[in-house]
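Please load the model in your viewer and keep the sequence panel open beside it.

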Amino acid sequence: MQDFLIAPSILSADLARLGEDVTKVLADGADVVHFDVMDNHYVPNLTFGPMVCKALRKYGITAPIDVHLMVEPVDDLIVQFADAGATYITFHPEASKHVDRSLQLIADKGCKPGLVLNPATPVSLIEPVLHKLDMLLLMSVNPGFGGQKFIPYTLDKLREARALIDQKGLNTRLEIDGGVTPANIADIARAGADTFVAGSAIFGADSYASAINKMRDALAGVRG
Ligand SMILES: O=C(CO)[C@@H](O)[C@H](O)COP(=O)(O)O
């Protein structure tokens with residue numbers, strides 16, 4: 001398994017001071033910027049687009065930006081986010097008519113491709129293309145909003161996805177998103193996740209550093 005990465009979701013950041021807030025959370029120990037794109041169509045909420053990603057790069061953010069597309073269709077925005085400086089681009093398989101082609105488009109644009117599964121979508125759906133993924137993101141809440149509770153049955157999906165990735169000898173990152181806190185992150189890691197998205201648990205904390213350190217301490221107990 002790969003190193004553990006902590007990926008704060010900017011959905012819960014101070015959007016009026018986004019550059020500053022992202023700089024601070026990275027300085028306080030985060031590894032990756034998780035960028036939630038919602039279109040008020042695939043999900044019932046509306047967030048930000050490629051201009052904001054480009055603005056973060058212009059502001060000086062050099063950390064990986066993990067763009068999670070909760071949009072339908074996906075191909076136009078894949079191109080725009082790649083041009084805006086995305087590192088990872090992930091999308092939901094239900095949102096593309098041609099999943100393999102959309103994954104290839106991400107790779108051809110020089111980004112790392114990934115897929116996202118909603119809580120009720122089975123892991124088996126992505127098995128044929130697992131070898132093409134740099135990231136498999138499992139949603140542990142229904143997408144659209146921050147601050148929801150972790151859905152416990154997604155731990156079984158993590159175990160299944162981890163077993164598949166390991167059986168095939170792949171380096172695919174296994175990311176979890178929704179309701180991740182310092183209190184449950186160790187169980188989530190034991191189930192197989194190596195990349196942890198957390199919005200409210202980090203940006204809602206009095207100290208980002210202390211929230212991230214609590215997560216790292218819990219994760220240290222998993223690896224020993
Ligand atoms: O993609 C989403 C929601 O659709 C997530 O990234 C949430 O933003 C995570 O927020 P918390 O559950 O950690 O508050």
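Two strands are said to pair if DSSP finds at least two bridges between them, and strands (E, at least two residues) and helices (H or I, at least four) are DSSP runs numbered from the N terminus. The model is a predicted one, in which local features need pLDDT of at least 70 and side-chain atom pairs count only at pLDDT 80 or more, while totals for chains, interfaces and linings use all residues. Residues are numbered from 1 along each chain as its sequence is written.

**The whole chain**

Along the principal axes, the C-alpha atoms fill a box of roughly 45 × 40 × 30 Å.

**The sheet**

Now select the strands, which form an open sheet of eight in the order E1-E8-E7-E6-E5-E4-E3-E2, with parallel pairing. At the edges are strand E1 (5–8) and strand E2 (33–38), each of which pairs on one side only. Neighbouring strands of this sheet are turned by 25° against each other on average, direction ignored; the axes behind such angles are lines fitted to C-alpha atoms, for helices over the stretch in contact, and angles run from 0 to 180 degrees between N-to-C directions.

Next, select strand E3 (residues 65–70) and strand E4 (residues 88–91), which run parallel and are joined by four bridges. Within this pair, Val67 stands opposite Ile89 in E4.

**The core**

Which residues have the most contacts inside the largest nonpolar core? They are Val67, Leu69, Phe81, Ala86, Ile89, Leu136 and Phe196, in a core of 69 residues. Such a core is a set of buried Ala, Val, Leu, Ile, Met, Phe, Trp, Tyr and Cys residues joined through C-beta atoms within 7 Å, where buried means that 20 or more other C-beta atoms, placed from the backbone, lie within 10 Å of a residue's own. Centre on Phe81, which, if residues up to four places away in sequence are not counted, touches Pro50, Cys53, Val67, Ala86 and Ile89; contact requires C-beta atoms, placed from the backbone, within 7 Å.

**The annotated positions**

Move to the positions that UniProt, in an unreviewed entry, marks as "binding site", among them Ser9, Gly146, Asp177 and Gly199; such annotations may be inferred rather than shown by experiment. Asp177 belongs to strand E7 (residues 173–177), and this residue is buried because 26 other C-beta atoms lie within 10 Å.

Gly199 sits in the loop between strand E8 (195–198) and helix H7 (200–203), and counts as buried because of its 24 C-beta neighbours inside 10 Å. Leaving aside neighbours within four places in sequence, Gly199 is in contact with Pro8, Ser9, Leu11, Ser12 and Gly146.

Finish at Leu11, in the loop between E1 and helix H1 (18–27). Leu11 and Gly146 are 135 residues apart in sequence, yet 6.9 Å apart in space, C-alpha to C-alpha.

How values were computed: A residue is buried if 20 or more other C-beta atoms lie within 10 Å of its own, exposed if 12 or fewer, and partly exposed in between; C-beta atoms are placed from the backbone. Two residues are in contact if their C-beta atoms, placed from the backbone, lie within 7 Å.
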